[in-house]
Amino acid sequence: MTTINHLIDGIESVGTSGISKPVFNPATGEQTAELAMANVAEIDAAIASSQAAFEQWRHTSLARRIKLMHAYRNLVEANADEIARRLTAEHGKVTSDAQGEVARGIENIEYACGIAEMLKGDYNESASTGVDVYSVRQPLGVVAGITPFNFPAMVPLWMIPNALATGNTFILKPSERDPSAPMLIAELAQQAGFPPGVLNVINGDKVAVDRLMEHPDVKAVSFVGSSPIAKYVYETSSSHGKRVQALGGAKNHMIVLPDADIDLAADSAVSAAYGSAGERCMAISVVVAVGEVADPLVEAIKTRMQNLVIGDGTDPASEMGPLITAEARDRVARYIGEGAAAGATVVVDGRAASFDNDGFFLGVTLLDHVTTEMSVYTDEIFGPVLCVVRVDSYQDGVDLISNSPWGNGAAIFTRDGGAARRFQTDADAGMVGINVPIPVPVGYHSFGGWKDSLYGDTTMYGPEGVRFYTKAKVITSRWPDPATSAVDLGFPQND
Ligand code: NAD
């Protein structure tokens, strides 16, 4: 059985804690590796390595950092198939989805290749006589990233490129469920030429996260995961004086107005609810059907669900893979039972699907007539379950979004430009889609939700990512007029 270790100072660092966790292939249910769990001493060693590397790295020229970032981008692209293969093997998502994840990650490296543009400061000449005022942005030091299982390549790449390009050193603590793809991403950074210690990876669980949050040499923490852990990481890291951005869970609503293109809305609902087995923080989990659109929309979604091919993600015919663990599958199945018991109409029951292997598969589920007290509505299920809530008006739909504790994404489907424009103002969420179900911003904007979907005030990647990983310094500089210099430099005398 392969053991996956840590990466410290540019080389594999064999785990010494004696504690490990199994890694599974969710499509077969088989264990494929053991993952070393770091103890406090190992984390301290990684932080010491990152701190030592920072002293050099922060003074490395922008030209050199950018050259390395270009090399890194090209290496990740050249290895995209292998990264995607590892994603499918440990997460279960289908190959095309895994390739899409890598492509979205590369966007963030490309953005960081233009870091010089983002680090141009401001300058005011002659703020006062002989006085100029200007600002620069400087790196923080050692920064840490703690990432979730559902995008094991892309989410680390939301963080690493901007953090390194701005002169920080980075410690990644990936999810313990699917660690092989993030490890390859870090190894490629070594190959690209980033000096040892600039990017370290430690595998582990709460022990590792807690140590990163309390260690004085870690200056900032970027976290992506579920809301309860995001809140814990936000509170703990900030109580230790760190800068922190902690992205949490979601329950994304998609309002469909009576004038919407029903085929487009149904196609979008199916791909956004069931893609990646619903294990996306931007998945649509609630369709809000306004007025008479409900019956034809539910029928259109149901029809499309019957054609969805569920299977091993390596099979090109598969459109949806398994869930991440047997526990996740059983938890989602329990929610379906609770929804049915609470009075939701089970239009399609994923529990009825049968699979002739030991993978963590579950069929797709559509629940209609869901109400806001049901656990299928109040909780983040994080699986292939789509709820339909029927409402009478646009305003009822907007109120549902406003009353949700989460505010990651929200979408509207309509042919009415005025309604769409009104929605972009009204929607109480950080990312809004208009006839787009999963409005994940491109790499030159930034990603982040509102309310319990983000603890902190800086979103991730793009311009906000650069801001998060840098601190501003304003310099006020006075030089006497050269004409008053003791040495005659030939300048005209001022009056
Ligand atoms: P999770 O919160 O269980 O784990 C995330 C990270 O936190 C992992 O690295 C894990 O090892 C660590 N962790 C877990 N428990 C911890 C604890 N008690 N103390 C310290 N660290 C701990 O999340 P997950 O199951 O890996 O990922 C799914 C969740 O992430 C969903 O809720 C999803 O909505 C959310 N997510 C959000 C976004 C976003 O951008 N808002 C993106 C992706 C995923």
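I take a salt bridge to be a side-chain nitrogen of Lys or Arg within 4 Å of a carboxyl oxygen of Asp or Glu. The model I examined is a predicted one.

**Entry 1. Salt bridges**

By this rule I count 24 salt bridges. I looked up Glu 464 and Arg 467, whose side chains meet in a salt bridge at 3.1 Å from N to O. Both belong to helix α16 (residues 462–468), and because they are 3 residues apart there, about one helical turn separates them. Glu 464 is partly exposed at 21% relative accessibility, and Arg 467 is partly exposed at 42%.

I note Arg 104 as partly exposed, its relative accessible area being 26%; Glu 107 is partly exposed at 24%.

Arg 304 and Asp 267 join their side chains in a salt bridge of 2.4 Å, N to O. This pair links distant parts of the chain, with Arg 304 in helix α11 (residues 294–305) and Asp 267 in helix α10 (residues 262–274), 37 residues apart. Asp 267 is partly exposed at 42% relative accessibility.

I also recorded a network of salt bridges that links Lys 21, Lys 173, Glu 176 and Asp 205.

**Entry 2. Helix α2**

I checked helix α2 (residues 62–78), which has 17 residues and spans 24 Å from its first C-alpha to its last, close to the 24 Å expected. Its buried residues are Arg 65, Ile 66, Leu 68, Met 69, Tyr 72, Arg 73 and Val 76. Viewed down the axis of α2, they fall within an arc of 160 degrees, so they line one face of the helix. They pack against several helices, among them α1 (40–57), α4 (95–113) and α7 (180–192). The face turned away from the buried side carries the exposed residues Ala 63, Lys 67 and Ala 78.

**Entry 3. Asp 97**

In helix α4 I looked up Asp 97. I count Asp 97 as buried because its relative accessibility is 17%, under the 20% cut-off. Apart from neighbours within four places in sequence, Asp 97 is in contact with Ser 276 and Arg 280.

**Entry 4. Helix α12**

The buried residues of α12 include Val 332, Tyr 335 and Ile 336. I find the buried residues of this helix packed against β16 (365–368), α13 (375–378) and β17 (385–391). Just after α12, Gly 343 adopts a positive phi of about 110 degrees.

Terms used
Residues numbered from 1 in each chain as written. Predicted model: local features only at pLDDT ≥ 70, side-chain atom pairs only at ≥ 80, totals over all residues. Heavy atoms only, no water. Helix = DSSP H or I, 4+ residues; strand = E, 2+ residues; numbered from the N terminus. Expected span 1.5 Å × (residues − 1). Buried < 20%, exposed > 50% of the residue type's maximum accessible area, 1.4 Å probe, protein only. Arc of directions from axis to C-beta. Contact = heavy atoms within 4.5 Å.
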